Amino acid sequence: MAGALARWRAALLAVAIVAGVAPAVSAQPIATLSPPPPVLPQDQRRSDAEALADDARIYAQRYGVGLEEAMARLRAQEASVVETDAIAEAYRDRLAGISIEHMPVYRIVVLLTGDEPVPDRMIAAGGIDVPIVFRAGAPASRRAVLDAIAMHQADIRAALVDPPGMGVDQRSGRLLLAVGAADADGEGLPAIEARIGVLAGVPVHAIVPGRSADFAVAGGERLEYADHQAHRRYRCTSGFVVTDGARTAIATAAHCPDMLDHVADDGTRTPLTMVGAWGARDQDVQIHVGPAAMPPLFETGPGLRAVTSWRNRASLRVGDFVCHQGITTGYSCAEIAIPDYAPPGDLCAGPCPATWVTVAGPHCAHGDSGGPVFLGGTAFGLVKAGSYRGDGSCTFYYFMSTDYLPQGWSLLRG
């Protein structure tokens, strides 16, 4: 069974990064894999309930609640999406943001522009009652901030020493500006907020998240390219299994090397063949096929789980609790911070649009690119990059939503 399980695991998760200069290595033999069986035995994979319980244990530790309460809240998080999508549509002209608050009580907060009040309400979701609180008086709507980014991104980048990251601060109704230390130290955040606010035409909230970089050239298992001539080894984390209707393949980050091997725990290397890479604007994804069919599974620290569903980016909310798997940092969970983020610099083969999603640190590092972002069996996206403080700790990472998989490819569900 160990050999069969290793063959199955060759299908899973992806994030890439430069591992640094390594001693010279000899070429390793390539294993030939026979096609795996159509399904894993049930005792080799987590059930839906077990997968959610794994994530809920991290939630319970984070917020100081019992496991039963944590599971109820995570079920409510997913069950409440239909309601918040309806609210977003009903108040689309006034909507500044929707966020989840976990403390002191679990509730959903809807921020609106204008002064007209909207009564609070209570909904039943996931087996518990969830309050929805409406707050008026936001200085700008989400749409207005997104329009400001689209119209003035080039001018804002030119107005600062380092091209900043930009996003929608859905808790305050302002344009979030992630500036570099040179700008913050030279001009100060209040002056930057005032100056860029005039340029963009919307209020600005400036922060200093730290250095931003792709997690590679470089889910949850090791993909690797060994450049024997340069004595360098590039690592990746594999992402979700995808299909074009005829083939199954693994998706990872486009900034991974074109040539990748899956590396098993025992060191056995299995070559993968790249179908294509899409690495500009709102995409950072490449797709590789292997010598055998791949199941709709991905690995986390506690074990294998199946992809059962996905969440569209338009339905993501500030405060949504999600998890990710990377070969460097392992399995961890945290809150979504910015659902509409344009990373700084030219990390998208040029300026990035505000279609990326940030998740709070501290668990991110080189080697995590391409890895899966998920909750239970629900897929959210593939990790792209992160921002680091001066001491090297992770401020946040950001991911590409599964909305932006290449045309003709979709998640394989089990």
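A disulfide is here a pair of cysteine sulfur atoms within 2.5 Å, and by this rule the chain holds three disulfides. The model is predicted, so that local features need pLDDT of at least 70 and side-chain atom pairs count only at pLDDT 80 or more, while totals for chains, interfaces and linings use all residues. Residues are numbered from 1 along each chain as its sequence is written, and side-chain values use heavy atoms, with hydrogens and water left out.

The chain has seven helices and 26 strands, where helices (H or I, at least four residues) and strands (E, at least two) are DSSP runs numbered from the N terminus. Of its 414 residues, 57% are buried, a term for under 20% relative accessible area with a 1.4 Å probe, counting protein chains only.

| Disulfide | S to S distance |
|---|---|
| Cys 323 to Cys 333 | 2.0 Å |
| Cys 348 to Cys 352 | 1.9 Å |
| Cys 364 to Cys 394 | 1.8 Å |

The torsion about the S-S bond of Cys 323 and Cys 333 is about 95 degrees, so this disulfide is right-handed. Because Cys 323 lies in strand β20 (residues 321-326) and Cys 333 in strand β21 (residues 330-342), the pair ties together parts that are 10 residues apart in sequence. Cys 323 is buried at a relative accessible area of 0%, and Cys 333 is buried at 2%.

The link of Cys 348 and Cys 352 is right-handed, with 100 degrees about the S-S bond, and both of these cysteines are buried.

For Cys 364 and Cys 394 the torsion is about 105 degrees, so that disulfide is right-handed. This pair links distant parts of the chain, 30 residues apart, with Cys 364 in the loop between β22 (356-360) and β23 (372-375) and Cys 394 in strand β25 (residues 394-401).

Note on methods. Buried means under 20% relative accessible area, exposed over 50%, partly exposed in between (1.4 Å probe, protein chains only).
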